[in-house]
Amino acid sequence: VEEMLQQLQVKWQAAAEASSTERASRLHVGFRAADQQLAEQLASISEAMHQKQADVLEADEQLVAQQLKVTEQRLQELQRSHDKAAVQQQQQVARLQKTAQQEAARRKAETEAAAAEARAKLE
């Protein structure tokens, strides 16, 4: 009986060790699969992050380009406005010069007429 009990204990211990080894093996395989899955998910997240960064960079570049375009348009409008004001100022100066010349010619003519009239009275 004791021998049978000892054999039974050995069988039970062997079965327990085999069961334990099998569970450890399954756990190891499960952990390896979980690690692989996590690594794939991390790689996917990393790739998505890099794509988002690239998208943001592209959007920033487009925004900067648009802002530069708007700034250039405003500068061109300002230059046209300045050029137009300069032309108007030159035209005004020309009109004032012409008016001044006409006024000077009129005064000269009046002075000459007054001098001629004074000479005529003296004669």
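Helices (H or I, at least four residues) and strands (E, at least two) are DSSP runs, numbered from the N terminus. This is a predicted model, in which local features need pLDDT of at least 70 and side-chain atom pairs count only at pLDDT 80 or more, while totals for chains, interfaces and linings use all residues. Residues are numbered from 1 along each chain as its sequence is written, and side-chain values use heavy atoms, with hydrogens and water left out.

**View 1. The whole chain.** The chain has 1 helix and 0 strands. With a radius of gyration of 52 Å, well over the 14 Å that the globule rule gives for 123 residues, the chain is more spread out than a compact globule. The radius is taken over C-alpha atoms, and the globule rule is 2.2 Å times the number of residues to the power 0.38. The C-alpha trace spans about 180 × 15 × 5 Å along its principal axes.

**View 2. The surface of the chain.** Of the 123 residues, 0% count as buried. Buried means under 20% relative accessible area, exposed means over 50%, and partly exposed lies in between (1.4 Å probe, protein chains only). Accessible areas come from the Shrake-Rupley method with a 1.4 Å probe; for residues, only the protein chains shown count as cover.

**View 3. G30 in helix 1.** G30 is found in helix 1. This residue is partly exposed, at a relative accessible area of 35%. From C-alpha to C-alpha, G30 and Q62 are 48 Å apart in space, and they are 32 residues apart in sequence.

View 4. The chain carries 16 positive and 19 negative charges, whose mean positions are 17 Å apart. Lys and Arg count as positive and Asp and Glu as negative; His and the chain ends are not counted. Each charge is placed at NZ of Lys, CZ of Arg, CG of Asp or CD of Glu. On the surface, D55, E58, D60 and E61 gather in a patch of negative charge. Patches are made of residues with over 30% relative accessible area and no salt bridge; like charges are joined within 9 Å, and nonpolar side chains (Val, Leu, Ile, Met, Phe, Trp, Tyr) within 5 Å. E61 belongs to helix 1 (residues 2-122) and is exposed, with a relative accessible area of 51%.

**View 5. Salt bridges at R106.** The structure holds 5 salt bridges, each a side-chain nitrogen of Lys or Arg within 4 Å of a carboxyl oxygen of Asp or Glu. One of them joins the side chains of R106 and E103 (2.2 Å, N to O). These two residues are 3 residues apart in helix 1, so about one helical turn separates them. R106 is partly exposed at 38% relative accessibility, and E103 is partly exposed at 27%. R106 also forms a salt bridge with E110, with the closest N and O atoms 2.4 Å apart. E110 and R106 are 4 residues apart in helix 1, about one turn of the helix. E110 is partly exposed, with a relative accessible area of 44%.

View 6. A salt bridge joins the side chains of E117 and K121 (3.9 Å, N to O). Both residues lie in helix 1, 4 residues apart, about one turn of the helix. E117 is partly exposed at 49% relative accessible area, whereas K121 is exposed at 66%.
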